[in-house]
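I opened the notebook to look up charged side-chain pairs. I wanted to know which ones meet, and where they sit.

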Amino acid sequence: MIGKIAVSMAGHDKGKAYVIVREDAEYVYLCDGRWKLLEKAKKKKKKHIALNKSFSTGEIEEKLRSGVKIYDHEIRSMIKQYEMKGKKAEV
């Protein structure tokens, strides 16, 4: 799941998009590049998120998997692209 776009389905951030930057057995660690930075990723239970499998994060996913340094502005840019794609689909 690392590198995929996830949307929060529960909590005060319901409906907010994040990128999964880490995962363990029960939790994922989410980053939006603005309020939840890579150094302080949001810990959320897997059952409280919805994955978007149709949107590819491409380069970010590869960097996260290979351990290459990634920056918050790259995460922000990817989420912005995801949100713009969603708005175009609604029109």
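Entry 1. I started with K63 and E74, whose side chains form a salt bridge at 2.6 Å, N to O. This is a predicted model, so I read every distance as computed. K63 lies in helix α1 (residues 59-66) and E74 in helix α2 (residues 72-90), so the pair ties together parts 11 residues apart in sequence. I then checked burial. Both K63 and E74 are buried.

Entry 2. I looked for shared partners.

Entry 3. I asked how many salt bridges the structure holds. The count is 9.

Entry 4. Next I took D13 and K44. Their side chains meet in a salt bridge, with N to O at 3.2 Å. D13 sits in the loop between β1 (5-8) and β2 (17-23), and K44 in strand β4 (residues 42-45), so this pair links parts that are 31 residues apart in sequence. D13 has 6% relative accessibility and counts as buried. K44 is buried too, at a relative accessible area of 10%.

Entry 5. E23 lies in strand β2 and K46 in the loop between β4 and β5 (49-52), so the pair ties together parts 23 residues apart in sequence. Are these two buried or partly exposed? E23 is partly exposed, with a relative accessible area of 32%. K46 is partly exposed as well, at 27%.

Notes: Residues are numbered from 1 along each chain as its sequence is written. This is a predicted model: local features need pLDDT of at least 70, side-chain atom pairs count only at pLDDT 80 or more; totals for chains, interfaces and linings use all residues. Side-chain values use heavy atoms; hydrogens and water are left out. A salt bridge is a side-chain nitrogen of Lys or Arg within 4 Å of a carboxyl oxygen of Asp or Glu. Helices (H or I, at least four residues) and strands (E, at least two) are DSSP runs, numbered from the N terminus. Buried means under 20% relative accessible area, exposed over 50%, partly exposed in between (1.4 Å probe, protein chains only).
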